[in-house]
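Subject: Model handover

Hello,

Here is the structure we talked about. My notes on it follow.

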Amino acid sequence: MGQTITILGLESSCDDTAAAVVRAGSGAGPETGAEILSSVVEGQVALHAGFGGVVPEIAARAHAERLDLCTEAALAAAGIGLDAIDAVAVTAGPGLIGGVLSGVMFAKGLAAGAALPLIGVNHLAGHALTPRLTDGVAFPYLMLLVSGGHCQFLLVRGADDFTRLGGTIDDAPGEAFDKTAKLLGLPQPGGPAVEAEARTGDPARFAFPRPLLDRAGCDLSFSGLKTALLRARDAVAAPQGGLTRADRADLCAGFQAAVRDVLVEKSRRALALYLALGPADPVFAVAGGVAANASLRAALTDLATGLGVRFLAPPLRLCTDNAAMIAWAGVERFRMGHRDGMDLAARPRWPLDRRSPALNGSGRKGPKS
Amino acid sequence: MPVLPEPTVLSLPTPEATAALARRLAPGLGAGDVLLLDGPIGAGKSHFARALILARLNAVGLWEEVPSPTFTLVQTYHAGDLEIWHADLYRLTHADEALELGLAEAFTTALCLVEWPDRLGPDLPADALRLEFAYGAGQDARQLTLTGGARWAGLLAGLAQTVCDV
């Protein structure tokens, strides 16, 4: 193997504080073999249980305290010291201002103290570039980010070249799953709970809407689905004084089928736009917690395979917030010769797609759309 | 002592009626106004907020998506000179966390729409307009109760008189 570069990545824009070390070849492509030497995430449990009333860790102070410990732990797990690090990559936005600021300040201190280059990374770029870290995917590829707070289709043409094809205009699917679970008295996180119930349910019993299928383009909407579920629940529960186990399973199955159908149809449209570019080895990558839903994953796999496109879903631990993806995005930017100065700013609002007009209100806590 | 205005109760037969009310209220709101949006999941809080924010953005020739702030906690918008905060405190358990978001400052510098405001506890701004959404008689219908102090008396009186127009 030729020359390598080793990047320390730091992430504190959301609920979690994370640090990771990634080593890769210094060449231009991902094919030079990237290795995650370590990836430490603090607060993951709180994130996953976050809907049931567990405190989301949003305090800047907590991030500031943990960044230190996470960095030490990541270096120790990688078995190296700061002297083996070539650059420090840090999430500079979008996200909750306190968390992002903590990360950027910490990274500046570390970089200045150890005389290392500093690289600011867009949190969403970290998610979007993960398929190159895990599977060495070549540009261009189509990415669906689908989680509690995100839902968007991205055309990834380069490490700094993203086109947003569409996204949710209201709730993200992960939020819809969580709220469905809440409305049906199921535990949080809602995704796995609703999926488990849906397994024995009849998806055809309730005719839930497929929002926005009548509208051209790749935008999605899930808010109306929640209201439809509420109505169906009450219509069944009122006369009989509650829901039977079978009712609940049918509601979950019907809801899940509606989410799946909408995501599949919108993915079909996004894939058509992507395939029009004529990619040599077409890839459709799906990242985010919702990609763990077996029914959804199977449907998207079928869709892609049928179109001659490789379907890919990075492991869940690299789809939820983590610092390995930030380190990897740092690798990509480092190779492109990108360096930031001590004037690197925290940017709570930082759209990934610079060509499109700003599409979203800035997420103070996370990069959401 | 000024006499506090009575709560105003509106019947909103459809989601469109909720949006129309939001669009009607939008032009009269400004920095320092805080709207507390209360009610159960699916009662129309986000729907109302989305329509209000879009109305203010459209008024200055802008359009943006207005996604749910449930996971992000806060989404901010700039409608010309007016900063708008759309907060959803559902995931919070302590008033301290809301302060961490910078809400206390925003209450004075921005137009704030706050869902699940009970999480603010004692930090609830006293001068806010409270909108309580409840399920109505029909499937789509909602009942909205507006309560506010003297600051909101004119607005509430106007609404009560023309409730049928909404």
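R205(A) is partly exposed, with a relative accessible area of 36% (buried means under 20%, exposed over 50%, partly exposed in between; 1.4 Å probe, protein chains only). Its side chain forms a salt bridge with that of D247(A), at 2.8 Å from N to O (a salt bridge is a side-chain nitrogen of Lys or Arg within 4 Å of a carboxyl oxygen of Asp or Glu). The two residues are 42 apart and link distant parts of the chain: D247(A) sits in helix α8 of chain A, R205(A) in the loop between α6 (190–198) and α7 (223–240) of chain A. D247(A) has 5% relative accessibility and therefore counts as buried.

This is a predicted model: local features need pLDDT of at least 70 and side-chain atom pairs count only at pLDDT 80 or more, while totals for chains, interfaces and linings use all residues. Residues are numbered from 1 along each chain as its sequence is written, chains are lettered from A and ligands numbered from 1 in the order in which they are written, and side-chain values use heavy atoms, leaving out hydrogens and water.

Over all chains there are 20 salt bridges. One of them joins E332(A) and R132(A), at 2.5 Å from N to O. E332(A) lies in helix α10 of chain A and R132(A) in helix α4 of chain A, so the pair ties together parts 200 residues apart in sequence. Both E332(A) and R132(A) are buried. Helices (H or I, at least four residues) and strands (E, at least two) are DSSP runs, numbered from the N terminus.

Now the sheets. The order β3-β2-β1-β4-β5 (chain A) describes an open sheet of five strands with mixed pairing (two strands pair if DSSP finds at least two bridges between them). Its edge strands are β3 (35–42) and β5 (118–122) of chain A. Helix α10 (residues 324–335) of chain A lies across β1, β2, β3, β4 and β5 of chain A, at about 135 degrees to β1(A). Axes are lines fitted to C-alpha atoms, for helices over the stretch in contact (heavy atoms within 4.5 Å), and angles run from 0 to 180 degrees between N-to-C directions.

Another open sheet of five strands has the order β8-β7-β6-β9-β10 (chain A), also with mixed pairing. β8 (161–167) and β10 (310–312) of chain A each have a single partner strand, so one side of each lacks a neighbour in the sheet. Helix α8 (residues 245–275) of chain A runs across β6, β7, β8 and β9 (283–287) of chain A, at about 155 degrees to β6(A).

Regards
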